[in-house]
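Please report on the metal sites of this model, then on one helix and the chain as a whole. Keep it brief.

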Amino acid sequence: MRVLFIGDVVGGPGRRGLAAAMPELRERHQPDLVIVNGENSAGGMGITEKTANAIFNAGAGVITSGNHVYRHREAYEFLDRAERVIRPANYPHANPGRGHTVVEAGGMRVGVINLSGAVGLQVARSPFHEVDSILERIEADCVVVDFHAEVTSEKVAMGWHLDGRVAAVFGTHTHVPTADARVLPGGTAFISDVGMTGARTSVLGVKPEQALQALVTQMPVRFETAEDDVWVMGAVVEVDERGLADSIEQVMVPAP
Ligand SMILES: [Fe+2]
Ligand SMILES: [Fe+2]
């Protein structure tokens, strides 16, 4: 069973780039399941029903998210209703949406868990305790985790925490891909960050001149989504019959 995981889709350029790149990615990697982080899909921050549907139409089976998930109030009811769109599980229980889901793919029940890091981000509970608790009750043949976190130390630690217990831990949130994709000794595929799907002529998806102005002047600046040189970034994991990883391959392609 092959899983293609795609990093944070940023705004319209990211959505269009994903849709344009997906036929070739499907052809090349033959995924049974495509998981896409959509937390920046609506105007560069947040997600709406419309942008989620655009990502589903591009071929996603599950959409994950992160700290920007509640940016658009009109999405709250959608998050409660959409079974294949998830938000970090370690947010307050009463918040809109759910933290994990299970889908059928390639003859397996694939559990997908979304977690937020606790370093530099606001969470209600430790991601380590939260994932242990979910793994005790989830009914799945294999599990993949989107760990949406700021610092590599916490992300690498989560890889070791889950080694041998899940098929893959994909890091998201920083929008910058890391060069540490590997299968850990216990059989868990790991990468600290898969990167983003959006304009590379940008600062994490924002027009460079605006991000620079904000940093240089330390004054409020209205951010717009950058559009030039869109790339799609992610990773492909081959999952064996034990529900663990055979391989992980990083994906970085310019949108056609
Ligand atoms: Fe993001
Ligand atoms: Fe984020």
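The 4 donor atoms around the iron ion (ligand 2) subtend angles of 87 to 148°, which makes the arrangement irregular. Four donors count as tetrahedral if all angles lie between 85 and 135 degrees; four count as square planar and six as octahedral if opposite donors are over 155 degrees apart and all others between 65 and 115; anything else is irregular. Glu39 in the loop between S2 and H2, and Asn67 in the loop between S3 and H3, tie together parts that are 28 residues apart in sequence. Helices (H or I, at least four residues) and strands (E, at least two) are DSSP runs, numbered from the N terminus.

This is a predicted model, in which local features need pLDDT of at least 70 and side-chain atom pairs count only at pLDDT 80 or more, while totals for chains, interfaces and linings use all residues. Residues are numbered from 1 along each chain as its sequence is written, chains are lettered from A and ligands numbered from 1 in the order in which they are written, and side-chain values use heavy atoms, with hydrogens and water left out.

The table sets out both sites. Donors are N, O and S atoms within 2.8 Å of the metal (3.2 Å for Na, K and Ca); water is not among the atoms, so sites may look incomplete.

| Ion | Protein donors | Distance from the ion |
|---|---|---|
| iron ion (ligand 1) | Asp8 (OD), Glu39 (OE), Asn40 (OD1), His175 (NE2) | 2.0 to 2.2 Å |
| iron ion (ligand 2) | Glu39 (OE), Asn67 (OD1), His148 (NE2), His173 (ND1) | 2.1 to 2.2 Å |

Along the chain, the donors of the iron ion (ligand 2) are spaced E-x27-N-x80-H-x24-H. Glu39 bridges this ion and the iron ion (ligand 1), and the two lie 3.4 Å apart. Glu39 is buried, at a relative accessible area of 1%. Asn67 is partly exposed, at 31%. Buried means under 20% relative accessible area, exposed over 50%, and partly exposed in between (1.4 Å probe, protein chains only).

The site of the iron ion (ligand 1) is irregular too, with angles of 87 to 167° among its 4 donor atoms. Its donor residues follow the spacing D-x30-E-N-x134-H. Asp8 lies in the loop between strand S1 (2-6) and H1, and Glu39 in the loop between S2 and H2, so the pair ties together parts that are 31 residues apart in sequence. Asp8 is buried, as is Glu39.

Next comes helix H2. This helix spans residues 49-57, and its buried residues are Thr51, Ala52, Ile55 and Phe56. Seen down the axis, they fall within an arc of 145°, so they line one face of H2. That arc is taken over the directions from the helix axis to the C-beta atoms. An α-helix has 3.6 residues a turn, so residues three or four places apart point the same way. Exposed Lys50 and Asn57 sit on the face turned away from the buried side. The cover over the buried residues of H2 includes helix H1 (11-29), strand S2 (33-37), strand S3 (62-64) and helix H3 (76-81). Just after H2, Gly59 takes a positive phi of about 125°.

What of the whole chain? The chain has 6 helices and 12 strands. Of its 256 residues, 56% count as buried. Its C-alpha atoms fill a box of roughly 50 × 40 × 35 Å along the principal axes. Among contacts (heavy atoms within 4.5 Å) with a separation of 6 or more, residues 24 or more positions apart account for 64%.
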